[in-house]
Amino acid sequence: MQHFDLLVIGAGSGGVRASRIAASLGAKVAVAEERYLGGTCVNVGCVPKKLFVYASHFSDLFSQSRGYGWALSDPQLSWKTLRENKDREIERLNGVYGRLLDNAGVTLLEGHATLLGSKRVMVGDEEVSAERIIIAVGGWPFVPEFPGREHVIDSNDVFYLDELPEEIVIVGGGYIAAEFAGIFNGLGVKTHLVYRRELFLRGFDREIREFMVEQMRAKGVVLHFNADVTSVSVDAAGVRNVTLDNGQQLSAGQVMYATGRRPLLDNLGLESTNVRLTDKGTIDVDDKFETHESGVYAIGDVVGRAELTPVALAEGMALARNLFGEVGQAVNYDLIPTAVFTQPNIATVGLSEEDARERYEQVAVYQSSFKPMQLSLTDSDERCIIKVIVDVASDQVVGCHMAGPEAGEIIQGLAVAMTAGATKADFDRTIGIHPTLAEEFVTLRQAVR
Ligand SMILES: Cc1cc2nc3c(=O)[nH]c(=O)nc-3n(C[C@H](O)[C@H](O)[C@H](O)COP(=O)(O)OP(=O)(O)OC[C@H]3O[C@@H](n4cnc5c(N)ncnc54)[C@H](O)[C@@H]3O)c2cc1C
Ligand SMILES: NC(=O)c1ccc[n+]([C@@H]2O[C@H](COP(=O)([O-])OP(=O)(O)OC[C@H]3O[C@@H](n4cnc5c(N)ncnc54)[C@H](O)[C@@H]3O)[C@@H](O)[C@H]2O)c1
(Lines give C-alpha, C1' and ligand atoms only; values in the text may rest on other atoms or scores of the structure.)
(Ligands and ions follow the chains in the order given, each with its own letter.)
Protein backbone atom coordinates (compact mmCIF):
# COMPACT_ATOMS: atom_id res chain seq x y z
CA MET A 1 0.00 0.00 0.00
CA GLN A 2 1.35 3.45 -0.90
CA HIS A 3 1.88 5.66 2.15
CA PHE A 4 2.08 9.48 2.10
CA ASP A 5 2.81 12.25 4.59
CA LEU A 6 -0.21 14.04 3.17
CA LEU A 7 -3.17 13.01 1.03
CA VAL A 8 -5.31 15.82 -0.36
CA ILE A 9 -8.80 14.95 -1.62
CA GLY A 10 -9.71 17.26 -4.51
CA ALA A 11 -7.42 18.94 -7.04
CA GLY A 12 -9.31 22.23 -7.11
CA SER A 13 -8.11 25.68 -6.07
CA GLY A 14 -7.46 24.81 -2.42
CA GLY A 15 -6.27 21.24 -2.91
CA VAL A 16 -3.71 22.00 -5.62
CA ARG A 17 -2.29 24.91 -3.62
CA ALA A 18 -2.04 22.87 -0.40
CA SER A 19 -0.40 19.89 -2.11
CA ARG A 20 2.15 21.98 -4.03
CA ILE A 21 3.19 23.97 -0.95
CA ALA A 22 3.40 20.83 1.20
CA ALA A 23 5.55 19.07 -1.43
CA SER A 24 7.80 22.13 -1.74
CA LEU A 25 8.35 21.90 2.03
CA GLY A 26 9.59 18.32 1.65
CA ALA A 27 6.45 16.28 2.34
CA LYS A 28 5.55 13.16 0.35
CA VAL A 29 2.18 14.23 -1.09
CA ALA A 30 -0.63 12.70 -3.16
CA VAL A 31 -3.76 14.40 -4.44
CA ALA A 32 -6.88 12.43 -5.37
CA GLU A 33 -9.10 13.87 -8.13
CA GLU A 34 -12.15 12.21 -9.64
CA ARG A 35 -13.24 14.69 -12.30
CA TYR A 36 -11.00 17.48 -13.56
CA LEU A 37 -7.72 19.17 -12.60
CA GLY A 38 -8.18 22.71 -11.33
CA GLY A 39 -11.62 22.01 -9.84
CA THR A 40 -14.66 24.24 -10.13
CA CYS A 41 -12.82 27.50 -10.79
CA VAL A 42 -10.91 26.27 -13.82
CA ASN A 43 -13.55 24.00 -15.33
CA VAL A 44 -17.04 25.29 -14.49
CA GLY A 45 -16.43 28.48 -12.53
CA CYS A 46 -14.32 31.64 -12.55
CA VAL A 47 -12.30 30.97 -15.70
CA PRO A 48 -14.89 29.88 -18.29
CA LYS A 49 -17.35 32.34 -16.72
CA LYS A 50 -14.93 35.24 -17.23
CA LEU A 51 -14.30 34.15 -20.83
CA PHE A 52 -18.07 34.25 -21.41
CA VAL A 53 -18.21 37.69 -19.74
CA TYR A 54 -15.58 38.96 -22.17
CA ALA A 55 -17.53 37.45 -25.08
CA SER A 56 -20.77 39.05 -23.98
CA HIS A 57 -19.19 42.49 -23.55
CA PHE A 58 -18.42 42.71 -27.28
CA SER A 59 -22.05 43.52 -28.10
CA ASP A 60 -21.74 46.74 -26.06
CA LEU A 61 -18.35 47.48 -27.60
CA PHE A 62 -19.66 47.00 -31.14
CA SER A 63 -22.46 49.48 -30.64
CA GLN A 64 -20.27 51.94 -28.69
CA SER A 65 -17.58 51.85 -31.39
CA ARG A 66 -19.92 53.71 -33.79
CA GLY A 67 -19.56 56.89 -31.74
CA TYR A 68 -15.81 56.63 -32.26
CA GLY A 69 -16.23 56.40 -36.00
CA TRP A 70 -16.19 52.68 -36.61
CA ALA A 71 -18.74 51.21 -38.99
CA LEU A 72 -19.44 47.53 -38.41
CA SER A 73 -21.97 45.61 -40.40
CA ASP A 74 -24.16 43.38 -38.27
CA PRO A 75 -21.66 41.34 -36.15
CA GLN A 76 -22.83 37.75 -35.57
CA LEU A 77 -21.97 35.44 -32.70
CA SER A 78 -20.98 31.83 -33.30
CA TRP A 79 -21.75 30.10 -30.01
CA LYS A 80 -20.06 26.97 -31.37
CA THR A 81 -16.77 28.86 -31.90
CA LEU A 82 -16.95 30.48 -28.48
CA ARG A 83 -17.67 27.17 -26.77
CA GLU A 84 -14.96 25.27 -28.64
CA ASN A 85 -12.35 27.95 -28.00
CA LYS A 86 -13.35 28.06 -24.34
CA ASP A 87 -13.10 24.25 -24.12
CA ARG A 88 -9.64 24.34 -25.69
CA GLU A 89 -8.45 26.95 -23.19
CA ILE A 90 -9.78 24.90 -20.27
CA GLU A 91 -8.02 21.79 -21.60
CA ARG A 92 -4.81 23.81 -21.80
CA LEU A 93 -5.25 24.88 -18.18
CA ASN A 94 -5.96 21.27 -17.12
CA GLY A 95 -2.57 20.41 -18.65
CA VAL A 96 -0.91 23.32 -16.84
CA TYR A 97 -2.30 22.08 -13.51
CA GLY A 98 -1.11 18.52 -14.25
CA ARG A 99 2.41 19.79 -14.94
CA LEU A 100 2.40 22.00 -11.84
CA LEU A 101 1.61 18.97 -9.69
CA ASP A 102 4.11 16.80 -11.52
CA ASN A 103 6.91 19.38 -11.27
CA ALA A 104 6.22 19.79 -7.57
CA GLY A 105 6.59 16.01 -7.12
CA VAL A 106 2.95 15.48 -6.11
CA THR A 107 1.49 12.05 -6.99
CA LEU A 108 -1.85 12.34 -8.78
CA LEU A 109 -4.30 9.57 -7.91
CA GLU A 110 -7.19 9.58 -10.39
CA GLY A 111 -10.52 8.44 -9.01
CA HIS A 112 -13.15 9.00 -6.37
CA ALA A 113 -11.75 9.13 -2.83
CA THR A 114 -13.61 7.61 0.10
CA LEU A 115 -12.25 7.82 3.63
CA LEU A 116 -11.90 4.47 5.38
CA GLY A 117 -10.88 6.04 8.68
CA SER A 118 -8.57 8.81 9.78
CA LYS A 119 -5.50 7.57 7.90
CA ARG A 120 -6.78 5.32 5.09
CA VAL A 121 -8.48 6.27 1.87
CA MET A 122 -9.83 4.28 -1.07
CA VAL A 123 -9.10 6.10 -4.36
CA GLY A 124 -10.86 4.27 -7.19
CA ASP A 125 -9.85 0.70 -6.46
CA GLU A 126 -6.55 1.49 -4.75
CA GLU A 127 -6.22 1.82 -0.99
CA VAL A 128 -3.61 4.31 0.24
CA SER A 129 -2.66 5.58 3.68
CA ALA A 130 -1.48 8.97 4.89
CA GLU A 131 -0.38 10.59 8.13
CA ARG A 132 -2.58 13.57 7.39
CA ILE A 133 -5.55 14.14 5.11
CA ILE A 134 -6.94 17.40 3.72
CA ILE A 135 -10.52 17.39 2.45
CA ALA A 136 -10.78 19.97 -0.35
CA VAL A 137 -13.76 18.55 -2.27
CA GLY A 138 -15.55 21.85 -2.95
CA GLY A 139 -19.25 22.09 -3.66
CA TRP A 140 -21.94 21.29 -6.21
CA PRO A 141 -24.90 23.36 -7.50
CA PHE A 142 -28.03 23.10 -5.39
CA VAL A 143 -31.42 23.07 -7.14
CA PRO A 144 -34.51 22.97 -4.90
CA GLU A 145 -37.32 20.45 -5.41
CA PHE A 146 -40.29 21.56 -7.55
CA PRO A 147 -42.42 20.03 -10.29
CA GLY A 148 -40.34 20.03 -13.47
CA ARG A 149 -36.93 20.25 -11.79
CA GLU A 150 -35.61 17.78 -14.38
CA HIS A 151 -36.16 20.36 -17.15
CA VAL A 152 -33.74 22.96 -15.79
CA ILE A 153 -29.98 23.36 -16.03
CA ASP A 154 -27.44 24.47 -13.43
CA SER A 155 -24.11 26.32 -13.56
CA ASN A 156 -22.26 23.13 -14.51
CA ASP A 157 -24.47 22.52 -17.55
CA VAL A 158 -24.47 26.10 -18.74
CA PHE A 159 -20.87 25.88 -19.91
CA TYR A 160 -21.66 23.01 -22.28
CA LEU A 161 -24.89 24.07 -24.02
CA ASP A 162 -25.08 22.78 -27.60
CA GLU A 163 -26.99 25.85 -28.67
CA LEU A 164 -27.63 29.29 -27.31
CA PRO A 165 -31.37 29.65 -26.51
CA GLU A 166 -33.29 32.63 -27.85
CA GLU A 167 -34.72 33.27 -24.40
CA ILE A 168 -33.62 32.15 -20.93
CA VAL A 169 -35.03 32.28 -17.42
CA ILE A 170 -32.40 32.44 -14.67
CA VAL A 171 -33.48 31.73 -11.10
CA GLY A 172 -31.52 33.09 -8.12
CA GLY A 173 -30.22 36.39 -6.81
CA GLY A 174 -26.56 35.75 -6.03
CA TYR A 175 -23.28 36.01 -7.92
CA ILE A 176 -23.98 33.33 -10.49
CA ALA A 177 -27.51 34.46 -11.36
CA ALA A 178 -26.43 38.09 -11.77
CA GLU A 179 -23.33 37.23 -13.79
CA PHE A 180 -25.14 34.88 -16.16
CA ALA A 181 -27.97 37.36 -16.63
CA GLY A 182 -25.31 39.76 -17.96
CA ILE A 183 -23.62 37.07 -20.03
CA PHE A 184 -26.76 35.83 -21.79
CA ASN A 185 -28.13 39.33 -22.29
CA GLY A 186 -24.84 40.46 -23.82
CA LEU A 187 -24.79 37.43 -26.11
CA GLY A 188 -28.16 38.52 -27.48
CA VAL A 189 -30.42 36.15 -25.52
CA LYS A 190 -33.66 37.61 -24.15
CA THR A 191 -32.97 37.21 -20.44
CA HIS A 192 -35.26 37.01 -17.39
CA LEU A 193 -33.93 36.88 -13.85
CA VAL A 194 -36.35 35.57 -11.23
CA TYR A 195 -35.50 36.25 -7.59
CA ARG A 196 -37.65 35.38 -4.59
CA ARG A 197 -36.91 38.49 -2.51
CA GLU A 198 -37.25 42.25 -3.12
CA LEU A 199 -33.69 42.96 -4.27
CA PHE A 200 -30.88 40.71 -5.52
CA LEU A 201 -27.18 40.55 -4.43
CA ARG A 202 -27.88 40.40 -0.71
CA GLY A 203 -24.86 41.39 1.39
CA PHE A 204 -23.61 44.03 -1.05
CA ASP A 205 -24.10 47.77 -0.41
CA ARG A 206 -27.79 48.54 -0.93
CA GLU A 207 -27.18 51.56 -3.15
CA ILE A 208 -24.93 49.51 -5.42
CA ARG A 209 -27.63 46.82 -5.63
CA GLU A 210 -30.27 49.40 -6.54
CA PHE A 211 -27.91 50.98 -9.07
CA MET A 212 -27.45 47.55 -10.68
CA VAL A 213 -31.21 47.14 -11.01
CA GLU A 214 -31.33 50.30 -13.14
CA GLN A 215 -28.28 49.34 -15.18
CA MET A 216 -29.42 45.80 -15.89
CA ARG A 217 -32.94 46.91 -16.78
CA ALA A 218 -31.51 49.57 -19.11
CA LYS A 219 -29.51 46.86 -20.86
CA GLY A 220 -32.65 44.81 -21.38
CA VAL A 221 -32.55 42.17 -18.63
CA VAL A 222 -36.08 41.56 -17.35
CA LEU A 223 -35.91 41.44 -13.55
CA HIS A 224 -38.72 39.66 -11.68
CA PHE A 225 -38.29 40.27 -7.94
CA ASN A 226 -40.52 38.89 -5.16
CA ALA A 227 -41.23 35.95 -7.45
CA ASP A 228 -40.40 32.27 -7.34
CA VAL A 229 -40.93 29.38 -9.73
CA THR A 230 -43.73 26.97 -8.84
CA SER A 231 -43.35 24.63 -11.81
CA VAL A 232 -41.61 24.11 -15.14
CA SER A 233 -43.03 22.02 -17.97
CA VAL A 234 -41.66 21.35 -21.41
CA ASP A 235 -43.64 21.15 -24.66
CA ALA A 236 -42.99 19.03 -27.74
CA ALA A 237 -40.84 21.76 -29.29
CA GLY A 238 -38.59 21.79 -26.19
CA VAL A 239 -39.92 25.13 -24.94
CA ARG A 240 -39.85 25.43 -21.12
CA ASN A 241 -43.03 26.92 -19.67
CA VAL A 242 -42.31 28.49 -16.32
CA THR A 243 -45.06 29.32 -13.83
CA LEU A 244 -44.26 31.89 -11.15
CA ASP A 245 -45.98 32.16 -7.77
CA ASN A 246 -47.32 35.59 -8.76
CA GLY A 247 -49.31 33.89 -11.51
CA GLN A 248 -47.05 35.05 -14.34
CA GLN A 249 -46.05 32.60 -17.09
CA LEU A 250 -42.71 32.76 -18.89
CA SER A 251 -41.48 30.59 -21.71
CA ALA A 252 -37.88 30.07 -22.73
CA GLY A 253 -35.51 27.66 -24.44
CA GLN A 254 -33.61 27.12 -21.17
CA VAL A 255 -34.20 27.64 -17.45
CA MET A 256 -31.03 27.99 -15.38
CA TYR A 257 -31.00 27.59 -11.60
CA ALA A 258 -28.33 29.48 -9.65
CA THR A 259 -29.66 28.94 -6.15
CA GLY A 260 -26.45 28.31 -4.28
CA ARG A 261 -24.03 25.43 -3.86
CA ARG A 262 -23.71 22.64 -1.30
CA PRO A 263 -20.59 20.79 -0.05
CA LEU A 264 -19.82 17.75 -2.20
CA LEU A 265 -19.85 15.04 0.47
CA ASP A 266 -21.38 12.12 -1.49
CA ASN A 267 -19.71 8.81 -0.72
CA LEU A 268 -16.79 10.59 0.96
CA GLY A 269 -16.83 8.17 3.88
CA LEU A 270 -17.09 10.84 6.59
CA GLU A 271 -19.06 8.34 8.69
CA SER A 272 -15.86 6.31 9.12
CA THR A 273 -14.32 9.29 10.96
CA ASN A 274 -15.22 11.77 13.72
CA VAL A 275 -15.54 14.62 11.19
CA ARG A 276 -18.59 16.72 12.07
CA LEU A 277 -20.72 19.09 10.03
CA THR A 278 -22.01 22.55 10.91
CA ASP A 279 -25.71 23.52 10.81
CA LYS A 280 -25.10 24.75 7.26
CA GLY A 281 -23.84 21.30 6.21
CA THR A 282 -20.24 22.45 5.78
CA ILE A 283 -17.33 20.63 7.46
CA ASP A 284 -16.69 21.98 10.95
CA VAL A 285 -13.05 22.97 11.46
CA ASP A 286 -11.12 24.91 14.09
CA ASP A 287 -8.94 27.93 13.39
CA LYS A 288 -6.18 25.58 12.16
CA PHE A 289 -8.58 23.90 9.67
CA GLU A 290 -8.55 20.66 11.68
CA THR A 291 -11.83 18.73 11.83
CA HIS A 292 -13.06 16.85 14.91
CA GLU A 293 -10.93 13.94 13.66
CA SER A 294 -7.30 14.51 14.59
CA GLY A 295 -5.05 14.68 11.52
CA VAL A 296 -7.98 15.29 9.12
CA TYR A 297 -8.33 18.87 7.84
CA ALA A 298 -10.69 20.70 5.49
CA ILE A 299 -10.33 23.87 3.38
CA GLY A 300 -12.14 25.82 0.67
CA ASP A 301 -15.81 25.73 -0.30
CA VAL A 302 -16.44 22.60 1.76
CA VAL A 303 -15.72 24.72 4.83
CA GLY A 304 -17.65 27.63 3.32
CA ARG A 305 -16.10 30.62 5.10
CA ALA A 306 -16.16 32.49 1.79
CA GLU A 307 -16.75 30.54 -1.40
CA LEU A 308 -14.07 32.28 -3.43
CA THR A 309 -10.98 30.90 -5.13
CA PRO A 310 -8.47 33.28 -3.48
CA VAL A 311 -9.85 32.25 -0.08
CA ALA A 312 -9.43 28.54 -0.90
CA LEU A 313 -5.88 29.31 -2.09
CA ALA A 314 -5.04 31.25 1.09
CA GLU A 315 -6.43 28.45 3.27
CA GLY A 316 -4.50 25.78 1.37
CA MET A 317 -1.29 27.74 1.69
CA ALA A 318 -1.71 28.56 5.38
CA LEU A 319 -2.57 24.96 6.26
CA ALA A 320 0.30 23.39 4.29
CA ARG A 321 2.77 25.80 5.86
CA ASN A 322 1.41 25.15 9.34
CA LEU A 323 1.73 21.38 8.82
CA PHE A 324 5.12 21.20 7.12
CA GLY A 325 6.77 24.61 7.56
CA GLU A 326 6.46 27.46 9.96
CA VAL A 327 3.49 27.19 12.31
CA GLY A 328 1.26 30.17 13.11
CA GLN A 329 0.09 31.00 9.57
CA ALA A 330 -3.41 32.46 9.52
CA VAL A 331 -5.83 33.63 6.87
CA ASN A 332 -7.02 37.24 7.07
CA TYR A 333 -10.80 37.05 6.51
CA ASP A 334 -11.37 40.68 7.52
CA LEU A 335 -11.16 42.49 4.24
CA ILE A 336 -11.93 40.04 1.46
CA PRO A 337 -12.34 41.99 -1.78
CA THR A 338 -14.78 40.53 -4.27
CA ALA A 339 -16.20 41.29 -7.70
CA VAL A 340 -19.38 40.31 -9.47
CA PHE A 341 -18.72 40.23 -13.20
CA THR A 342 -22.00 41.75 -14.24
CA GLN A 343 -22.26 44.53 -16.80
CA PRO A 344 -21.09 46.88 -15.46
CA ASN A 345 -18.90 44.97 -12.96
CA ILE A 346 -19.43 45.36 -9.25
CA ALA A 347 -16.50 45.23 -6.85
CA THR A 348 -16.28 45.81 -3.17
CA VAL A 349 -14.03 45.59 -0.14
CA GLY A 350 -14.95 46.15 3.49
CA LEU A 351 -18.29 47.12 4.94
CA SER A 352 -21.44 48.19 3.13
CA GLU A 353 -22.86 51.54 4.27
CA GLU A 354 -25.59 49.67 6.20
CA ASP A 355 -23.10 47.43 8.04
CA ALA A 356 -20.76 50.36 8.76
CA ARG A 357 -23.63 52.32 10.34
CA GLU A 358 -24.33 49.36 12.61
CA ARG A 359 -20.70 48.99 13.62
CA TYR A 360 -19.60 52.65 14.03
CA GLU A 361 -21.19 55.58 15.80
CA GLN A 362 -20.57 58.09 13.02
CA VAL A 363 -20.00 57.22 9.40
CA ALA A 364 -19.20 59.54 6.49
CA VAL A 365 -20.13 58.53 2.95
CA TYR A 366 -18.28 59.93 -0.05
CA GLN A 367 -19.70 59.03 -3.41
CA SER A 368 -19.97 59.93 -7.03
CA SER A 369 -21.97 58.67 -9.99
CA PHE A 370 -21.12 59.66 -13.55
CA LYS A 371 -20.89 58.51 -17.14
CA PRO A 372 -17.50 56.80 -17.68
CA MET A 373 -15.30 58.79 -20.05
CA GLN A 374 -14.99 55.91 -22.51
CA LEU A 375 -18.73 56.22 -23.15
CA SER A 376 -18.67 59.96 -23.76
CA LEU A 377 -18.76 59.72 -27.57
CA THR A 378 -21.36 56.97 -27.51
CA ASP A 379 -25.10 56.99 -27.04
CA SER A 380 -24.80 54.57 -24.09
CA ASP A 381 -26.71 55.58 -20.95
CA GLU A 382 -24.48 53.39 -18.78
CA ARG A 383 -23.19 55.09 -15.65
CA CYS A 384 -20.86 54.08 -12.88
CA ILE A 385 -21.00 54.63 -9.14
CA ILE A 386 -18.24 54.72 -6.55
CA LYS A 387 -18.55 54.93 -2.77
CA VAL A 388 -16.08 55.31 0.07
CA ILE A 389 -17.29 54.68 3.63
CA VAL A 390 -15.31 56.22 6.49
CA ASP A 391 -15.45 55.73 10.27
CA VAL A 392 -15.41 59.38 11.37
CA ALA A 393 -13.83 58.74 14.80
CA SER A 394 -10.68 57.11 13.38
CA ASP A 395 -10.84 58.51 9.80
CA GLN A 396 -10.28 54.87 8.71
CA VAL A 397 -11.70 53.87 5.31
CA VAL A 398 -13.93 50.90 6.17
CA GLY A 399 -15.57 50.24 2.80
CA CYS A 400 -14.95 50.90 -0.91
CA HIS A 401 -17.62 50.00 -3.44
CA MET A 402 -17.94 50.42 -7.13
CA ALA A 403 -20.10 49.45 -10.08
CA GLY A 404 -18.50 50.36 -13.36
CA PRO A 405 -15.95 49.27 -15.97
CA GLU A 406 -13.11 47.12 -14.61
CA ALA A 407 -14.37 47.52 -11.04
CA GLY A 408 -12.49 44.40 -9.91
CA GLU A 409 -9.20 45.73 -11.28
CA ILE A 410 -9.66 49.00 -9.41
CA ILE A 411 -10.87 47.66 -6.07
CA GLN A 412 -7.98 45.17 -5.78
CA GLY A 413 -5.52 48.04 -5.23
CA LEU A 414 -7.82 49.73 -2.74
CA ALA A 415 -8.01 46.45 -0.82
CA VAL A 416 -4.24 46.64 -0.33
CA ALA A 417 -4.59 50.20 0.98
CA MET A 418 -7.38 49.21 3.36
CA THR A 419 -5.48 46.13 4.57
CA ALA A 420 -2.61 48.49 5.38
CA GLY A 421 -5.06 50.61 7.41
CA ALA A 422 -5.50 53.58 5.06
CA THR A 423 -7.42 56.60 6.35
CA LYS A 424 -9.46 59.04 4.28
CA ALA A 425 -6.58 61.50 4.71
CA ASP A 426 -4.29 58.92 3.05
CA PHE A 427 -6.72 58.66 0.12
CA ASP A 428 -6.84 62.47 -0.11
CA ARG A 429 -3.06 62.93 -0.24
CA THR A 430 -2.69 60.25 -2.93
CA ILE A 431 -2.07 61.69 -6.40
CA GLY A 432 -4.51 60.41 -9.03
CA ILE A 433 -3.76 58.93 -12.43
CA HIS A 434 -5.45 61.09 -15.01
CA PRO A 435 -7.68 60.58 -16.88
CA THR A 436 -8.95 57.38 -15.27
CA LEU A 437 -12.04 56.27 -13.45
CA ALA A 438 -9.90 55.06 -10.53
CA GLU A 439 -8.68 58.59 -9.77
CA GLU A 440 -12.19 59.45 -8.58
CA PHE A 441 -11.44 57.40 -5.44
CA VAL A 442 -8.76 59.92 -4.41
CA THR A 443 -10.62 63.11 -5.38
CA LEU A 444 -13.81 62.74 -3.29
CA ARG A 445 -13.73 65.81 -1.04
CA GLN A 446 -17.28 66.33 0.26
CA ALA A 447 -19.16 63.71 2.27
CA VAL A 448 -22.69 63.33 0.89
CA ARG A 449 -23.99 62.18 4.31
C1 LIG B 1 -20.09 29.54 -11.98
C2 LIG B 1 -19.08 29.89 -10.92
C3 LIG B 1 -18.32 31.03 -11.06
C4 LIG B 1 -17.39 31.36 -10.07
N5 LIG B 1 -16.67 32.51 -10.24
C6 LIG B 1 -15.77 32.86 -9.30
C7 LIG B 1 -14.99 34.04 -9.47
O8 LIG B 1 -15.13 34.76 -10.46
N9 LIG B 1 -14.08 34.35 -8.52
C10 LIG B 1 -13.92 33.56 -7.40
O11 LIG B 1 -13.07 33.88 -6.56
N12 LIG B 1 -14.64 32.43 -7.22
C13 LIG B 1 -15.56 32.07 -8.15
N14 LIG B 1 -16.29 30.92 -7.97
C15 LIG B 1 -16.07 30.11 -6.75
C16 LIG B 1 -14.82 29.23 -6.90
O17 LIG B 1 -14.91 28.47 -8.06
C18 LIG B 1 -14.71 28.32 -5.67
O19 LIG B 1 -14.73 29.10 -4.49
C20 LIG B 1 -13.41 27.50 -5.69
O21 LIG B 1 -13.32 26.72 -6.84
C22 LIG B 1 -13.35 26.61 -4.44
O23 LIG B 1 -12.19 25.81 -4.47
P24 LIG B 1 -12.11 24.43 -3.67
O25 LIG B 1 -10.70 24.00 -3.75
O26 LIG B 1 -12.74 24.57 -2.34
O27 LIG B 1 -13.05 23.43 -4.47
P28 LIG B 1 -13.16 23.06 -6.01
O29 LIG B 1 -12.45 24.01 -6.89
O30 LIG B 1 -14.60 22.83 -6.26
O31 LIG B 1 -12.35 21.67 -6.13
C32 LIG B 1 -12.82 20.49 -5.56
C33 LIG B 1 -12.29 19.32 -6.36
O34 LIG B 1 -12.49 18.12 -5.62
C35 LIG B 1 -12.88 17.08 -6.51
N36 LIG B 1 -13.58 16.08 -5.70
C37 LIG B 1 -14.73 16.24 -5.02
N38 LIG B 1 -15.04 15.12 -4.32
C39 LIG B 1 -14.04 14.24 -4.57
C40 LIG B 1 -13.78 12.91 -4.12
N41 LIG B 1 -14.55 12.29 -3.23
N42 LIG B 1 -12.68 12.29 -4.61
C43 LIG B 1 -11.84 12.91 -5.49
N44 LIG B 1 -12.03 14.17 -5.91
C45 LIG B 1 -13.11 14.83 -5.46
C46 LIG B 1 -13.76 17.80 -7.51
O47 LIG B 1 -13.88 17.06 -8.72
C48 LIG B 1 -13.00 19.11 -7.69
O49 LIG B 1 -12.07 19.05 -8.73
C50 LIG B 1 -17.22 30.53 -8.94
C51 LIG B 1 -17.97 29.36 -8.81
C52 LIG B 1 -18.89 29.04 -9.79
C53 LIG B 1 -19.68 27.78 -9.64
N1 LIG C 1 -17.43 36.57 -9.02
C2 LIG C 1 -17.27 35.69 -8.04
O3 LIG C 1 -16.39 35.80 -7.21
C4 LIG C 1 -18.21 34.52 -7.96
C5 LIG C 1 -18.99 34.18 -9.05
C6 LIG C 1 -19.83 33.09 -8.95
C7 LIG C 1 -19.89 32.36 -7.78
N8 LIG C 1 -19.11 32.72 -6.73
C9 LIG C 1 -19.19 31.97 -5.46
O10 LIG C 1 -19.99 30.82 -5.61
C11 LIG C 1 -21.04 30.85 -4.65
C12 LIG C 1 -22.26 30.21 -5.23
O13 LIG C 1 -22.89 31.10 -6.16
P14 LIG C 1 -24.47 31.20 -6.25
O15 LIG C 1 -24.81 32.40 -7.04
O16 LIG C 1 -25.04 29.88 -6.66
O17 LIG C 1 -24.88 31.34 -4.73
P18 LIG C 1 -25.26 32.57 -3.80
O19 LIG C 1 -25.29 32.02 -2.45
O20 LIG C 1 -24.44 33.76 -4.11
O21 LIG C 1 -26.74 32.90 -4.28
C22 LIG C 1 -27.78 31.96 -4.20
C23 LIG C 1 -29.08 32.67 -4.50
O24 LIG C 1 -30.12 31.72 -4.63
C25 LIG C 1 -31.22 32.10 -3.82
N26 LIG C 1 -31.87 30.86 -3.37
C27 LIG C 1 -31.36 29.94 -2.52
N28 LIG C 1 -32.24 28.92 -2.36
C29 LIG C 1 -33.30 29.20 -3.14
C30 LIG C 1 -34.52 28.54 -3.40
N31 LIG C 1 -34.82 27.38 -2.82
N32 LIG C 1 -35.39 29.11 -4.27
C33 LIG C 1 -35.09 30.30 -4.87
N34 LIG C 1 -33.95 30.97 -4.65
C35 LIG C 1 -33.06 30.43 -3.81
C36 LIG C 1 -30.62 32.90 -2.68
O37 LIG C 1 -31.57 33.76 -2.11
C38 LIG C 1 -29.50 33.63 -3.39
O39 LIG C 1 -29.96 34.80 -3.99
C40 LIG C 1 -21.22 32.32 -4.30
O41 LIG C 1 -21.73 32.50 -3.01
C42 LIG C 1 -19.83 32.86 -4.41
O43 LIG C 1 -19.16 32.75 -3.18
C44 LIG C 1 -18.28 33.78 -6.80
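**Exercise 1. Describe the shell of residues around ligand 2 in this predicted model, and state where ligand 2 lies relative to the domains.**

*Solution.* 

Step 1. Begin with the residues that come nearest. The shell around ligand 2 comprises 21 residues, of which Gly173, Gly174, Tyr175, Ile176 and Glu307 come nearest. The model from which this shell is taken is a predicted one.

Step 2. Assign the shell to secondary structure. Two elements, helix H5 (175–186) and strand S17 (338–340), each give two or more residues to the shell around ligand 2. Helix H5 provides the largest share, four residues.

Step 3. Sort the shell by class. Around ligand 2 there are 10 nonpolar, six polar and five charged residues.

Step 4. Locate ligand 2 among the domains. Residues of the shell come from both domain 2 (149–259) and domain 3 (338–442), so ligand 2 lies between these two domains.

**Exercise 2. Determine how the protein chain is divided into domains, and characterise the contact between domain 1 and domain 2.**

*Solution.* 

Step 1. Domain 1 is made of two segments, 2–140 + 262–323, while domain 2 spans 149–259 and domain 3 spans 338–442.

Step 2. Consider the separation. Taken over C-alpha atoms, the centres of domain 1 and domain 2 are 27 Å apart.

Step 3. Domain 1 contributes 12 residues to the contact and domain 2 contributes 11 residues, where contact requires C-beta atoms within 7 Å.

Step 4. Examine the side of domain 1 that touches domain 2. Helix H3 (residues 46–65) supplies the largest share of this side, nine residues. By class, this side of domain 1 has seven nonpolar, three polar and two charged residues.

**Exercise 3. Relate the UniProt feature at residues 336–444 to the geometry of that span.**

*Solution.* 

Step 1. Consult the record. An unreviewed UniProt entry places the feature "domain: Pyridine nucleotide-disulphide oxidoreductase dimerisation" at residues 336–444.

Step 2. Describe the span. Residues 336–444 are 23% helix and 28% strand, and their end C-alpha atoms lie 23 Å apart.

Notes: Residues are numbered from 1 along each chain as its sequence is written. Chains are lettered from A and ligands numbered from 1 in the order in which they are written. This is a predicted model: local features need pLDDT of at least 70, side-chain atom pairs count only at pLDDT 80 or more; totals for chains, interfaces and linings use all residues. A residue is near a molecule or strand if its C-beta atom, placed from the backbone, lies within 6 Å of it. Ala, Val, Leu, Ile, Met, Phe, Trp, Tyr, Cys and Pro count as nonpolar, Asp, Glu, Lys and Arg as charged, and the others, Gly among them, as polar. Domain bounds come from an automatic or database domain assignment. UniProt positions are given in the numbering used here, feature names are shortened, and annotations may be inferred rather than shown by experiment. Two residues are in contact if their C-beta atoms, placed from the backbone, lie within 7 Å.
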